[in-house]
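Please consult the sequence and structure shown here alongside the text.

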Amino acid sequence: MRISILINNFNYARYLGAAIDSALAQIDPDVEVIVCDDASTDDSRTVMARYGHRIQTWYGQENRGQASAMNAGLAMSQGDWVLFLDADDLLDPDALATCAAWMQDGVAKIQFPLRCITS
């Protein structure tokens, strides 16, 4: 079962690397990470570029809001399940493995607390 992690970002370069690292660190091997940047004006593109082919990226030409960025990422995703992650949040390495028990027909949403990294 493939899981897509969509990371929404707008001017959160200072947190973005940690969010991407937490997505890539999932113990589930069949994960794709898509970072959706909503026309950031900070160093977000530089952070995203450091990950090369390990992530997919979408860059908005103008800031159109979180829903627009997530819809763009959703259109790119190949996963059976999708996890939406803000750029200032972290996932524990076993987050998806823990959720896997509930990923079955008839379940539309699984919700759990995230580790917030803003201060």
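The points below cover salt bridges, aromatic contacts and cysteines.

The model is predicted: local features need pLDDT of at least 70, side-chain atom pairs count only at pLDDT 80 or more, and totals for chains, interfaces and linings use all residues. Residues are numbered from 1 along each chain as its sequence is written, and side-chain values use heavy atoms, without hydrogens and water.

**Salt bridges**
- Two salt bridges are found in the whole structure (a side-chain nitrogen of Lys or Arg within 4 Å of a carboxyl oxygen of Asp or Glu).
- Asp 30 pairs with Arg 2 at 3.0 Å, N to O; Asp 30 lies in the loop between α1 (13-24) and β2 (31-37), and Arg 2 in the segment before β1 (3-9), 28 residues apart (helices, H or I, of at least four residues and strands, E, of at least two are DSSP runs numbered from the N terminus).
- Arg 2 also pairs with Glu 32 at 3.9 Å, N to O, and Glu 32 belongs to strand β2, 30 residues apart from Arg 2.
- Shared partners join Arg 2, Asp 30 and Glu 32 into one network.
- Glu 32 is buried at 4% relative accessible area, whereas Arg 2 is partly exposed at 29% (buried means under 20%, exposed over 50%, partly exposed in between; 1.4 Å probe, protein chains only).

**Aromatic contacts**
- One aromatic pair is found (ring centres of Phe, Tyr or Trp, the last by its six-membered ring, within 6.5 Å; planes under 30 degrees apart are stacked, over 60 edge-to-face, the rest tilted).
- The rings of Tyr 12 and Tyr 15 have centres 5.4 Å apart and planes at 90°, so the pair is edge-to-face.

**Cysteines**
- The structure holds zero disulfides (cysteine sulfur pairs within 2.5 Å).
- Cys 36 is buried at 0% relative accessibility, and Cys 99 is buried at 6%.
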